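The notes follow in the order I took them.

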Amino acid sequence: MTEDILTGFKMHCHGWRSVYCIPKRPAFKGSAPINLSDRLHQVLRCALGSVEIFFSRHCPIWYGYGGGLKWLERFSYINSVVYPWTSVPLLVYCTLPAICLLTGKFIVPEVCFNDLSNILFCQWKNLCSYFSFPPFTELKNKKL
């Protein structure tokens, strides 16, 4: 699959155009993984191939400018190459709450309810006084 991406990318960079083919009779046959182990192996191979393209000189981020590649095609190829890297923030996003619960240390600081209510009330007062909302116009000169 990675070879197909690289071949299509290089052909598009050299000005070739591609079309979507839907024949009436099935013309292309392939095989799909039938169990979880085969599927995970296929995903791993695809991700490693995309990472190889990302670190090669044929990376769509900087290769093929001035050729026949349109910006939407380039964006599509960049998406296919950058996609494996999205697993890193996803892994952090999934493990951080569990780590915080197990260690008892939270990344979000505690906010006192009184502080929060004062902040919200002050913002509401300023907004209402800006639009001269009648119930709060007398609070304009008062201090909290």
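For the tally of lining residues I counted Ala, Val, Leu, Ile, Met, Phe, Trp, Tyr, Cys and Pro as nonpolar, Asp, Glu, Lys and Arg as charged, and the others, Gly among them, as polar. The model is predicted.

I looked up the largest pocket and found a volume of about 350 Å³. It is lined by 16 residues, and Val 43, Cys 46, Ala 47, Tyr 83 and Pro 84 are the closest to its centre. By class, I get 10 nonpolar residues, five polar and one charged in this lining. Helix 2 (36-55) and helix 4 (87-103) each contribute at least two lining residues. The most come from helix 2, which supplies eight.

Core. Next I looked up the largest nonpolar core, which has 10 residues: Ile 5, Phe 9, Cys 13, Ile 53, Phe 54, Cys 59, Tyr 63, Leu 69, Tyr 77 and Val 81. Helix 1 (2-13), helix 2 and helix 3 (71-82) are the elements that give two or more residues to this core. Helix 1 gives the most, with three.

I then listed the contacts of Phe 9, leaving out residues up to four places away in sequence. Phe 9 touches His 58, Cys 59, Pro 60, Tyr 63, Leu 69 and Tyr 77.

Cysteines. How many disulfides does the count come to? I got zero. Cys 94 is exposed because its relative accessibility is 52%, and the cut-off for exposed is over 50%. Cys 100 has 9% relative accessibility, so I logged Cys 100 as buried.

Technical notes
Residues are numbered from 1 along each chain as its sequence is written. This is a predicted model: local features need pLDDT of at least 70, side-chain atom pairs count only at pLDDT 80 or more; totals for chains, interfaces and linings use all residues. Side-chain values use heavy atoms; hydrogens and water are left out. On a 1 Å grid over the protein atoms alone, a cavity is a set of points where a 1.4 Å probe fits but cannot get out, and a pocket is an open set with protein on both sides within 12 Å along at least five of seven lines; lining residues have an atom within 4 Å of a point. Grid points are joined across faces, edges and corners, and a volume is the space filled by probe spheres set on the points. Helices (H or I, at least four residues) and strands (E, at least two) are DSSP runs, numbered from the N terminus. A nonpolar core is a set of buried Ala, Val, Leu, Ile, Met, Phe, Trp, Tyr and Cys residues joined through side-chain atoms within 4.5 Å. Buried means under 20% relative accessible area, exposed over 50%, partly exposed in between (1.4 Å probe, protein chains only). Contact means heavy atoms within 4.5 Å. A disulfide is a pair of cysteine sulfur atoms within 2.5 Å.
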